[in-house]
Amino acid sequence: MVRARDGDDAAFTRLVQPLRRELHAHCYRMLGSTHDADDALQDALLRAWRGLDRFEGRGSLRSWLYTVATRTCLDVVETRGRRALPVDLGPSSEHAVLAQPLTDIAWLGPYPDAGLGAGPAAPEARYEQREAVELAFVAALQHLPGNQRAALLLFEVLGFSAAEIAIMMDTSTASVNSALQRARRIVTEKIPGPSQQQTLREIDDTRLREVVGAFCTAMERGDATALVALLTKDVTWSMPPLAHWYHGLDAVMDFAVEVPLTRCPSWRYLTTGANGQPAVAFYLGESATATHLAWGITVLTLRGEQIAEITSFLAPEDFPAFGLPASLP
């Protein structure tokens, strides 16, 4: 710390390196985008480096860095607004629609599991680290104003007290408690069911691999019958940045048969993990023998042993963050 205060940037890097991963996950929860989290964390660490003389050492370095990171993210939220999923934009479509991507909307993005720890970040935390990046949770956070979003994450996910959060956000404890009350109500309304972590713990690992593998094989072979057997009756399929989404087995299968199972010449895939959930990186080729290029990362939400939500993020630029190649031979 002394060397860092004296301008040794290598010493500062050693100080913050153990906290980078959890700070990055916090920025993602606040902003809903891995790319925004990258930028916000870089900006926050630059602010911390330049303002290190203001760290008086009365609290922990961790809490001070979370203060800087949270305030940085709040600045981003104020200028860019919330990120959306197709279900936020309008009603579902009953039949397959071929449409152009919407580029004027800030879309929610996936988060690689490699950046997540296990269990709660602090003994006082209500949410597990993986639970707090599930798609439903992060999507619900996007409906909160920045101050409520920050208060909920700092209290429920990271285990800071209301008094500590008041200092971090430069407000009163009463304001923090009020923000928490409103935030909890909205999040509870948006996420009525059990978390994916609860669901996944009830499924045998072998069975989970079988379900994911069967989904991938059905896509690769264009097998509609096999795909139907894996889905709940009220399944949804959305594909940001496409605005159209599908709800219910009939609509989802109408889309699946019309587009990915017949119009797309050849699929290849690699399994991965995103947002604490099973995920698949799909690659699309012009033929079975052609090079297959990155197409999108599909995150699966399960209910029991069936797939209840399919969210396909059609953004090849997300692949590097998952350590995935841009193409397959």
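Predicted model: local features only at pLDDT ≥ 70, side-chain atom pairs only at ≥ 80, totals over all residues.

Guide: I will begin with a point of comparison, the second largest pocket, where α5 is the element that gives the most to the lining, with 5 residues. That second largest pocket holds about 590 Å³ of space. The elements supplying two or more of its lining residues are α4 (34–50), α5 (61–80) and α8 (162–168). Its lining has 17 residues, and those nearest the centre are Phe 55, Ser 63, Trp 64, Thr 67 and Ile 167. Sorted by class, the lining of the second largest pocket has 6 nonpolar, 5 polar and 6 charged residues.

Now the part you asked about. The largest pocket contains about 1,000 Å³ of space. Its lining is made of 37 residues, and the closest to the centre are Ala 136, Lys 190, Ile 191, Pro 192 and Glu 309. Both helices and strands take part in this lining: at least two residues each come from the helices α6 (135–141), α9 (173–190) and α10 (196–201), and likewise from the strands β1 (231–238), β5 (292–303) and β6 (306–313). Of the elements, α6 gives the most, with 5 residues. Of the central residues, Ala 136 falls within the range of α6 (135–141), Lys 190 is at the end of the range of α9 (173–190), and Glu 309 falls within that of β6 (306–313). By class, the lining of the largest pocket divides into 14 nonpolar, 14 polar and 9 charged residues.

As for the rest of the chain, the secondary structure of the protein comes to 13 helices and 7 strands. The C-alpha trace spans about 65 × 40 × 40 Å along its principal axes. The radius of gyration is 21 Å, which agrees with a compact globule, because a globule of 329 residues would have a value near 20 Å. Buried residues make up 50% of the 329 residues. Among contacts with a separation of 6 or more, 63% are between residues 24 or more positions apart. The protein exposes about 15,400 Å², and carbon and sulfur atoms supply 51% of that area.

How values were computed:
Residues numbered from 1 in each chain as written. Heavy atoms only, no water. 1 Å grid on protein atoms, 1.4 Å probe; cavity = no way out; pocket = protein on both sides within 12 Å on 5 of 7 lines; lining within 4 Å. Points joined across faces, edges and corners; volume = space filled by probe spheres on them. Helix = DSSP H or I, 4+ residues; strand = E, 2+ residues; numbered from the N terminus. Nonpolar A, V, L, I, M, F, W, Y, C, P; charged D, E, K, R; others polar. Rg over C-alpha atoms; globule rule 2.2 N^0.38 Å. Buried < 20%, exposed > 50% of the residue type's maximum accessible area, 1.4 Å probe, protein only. Contact = heavy atoms within 4.5 Å. Areas by Shrake-Rupley, 256 points an atom, 1.4 Å probe, with all protein chains shown as cover.
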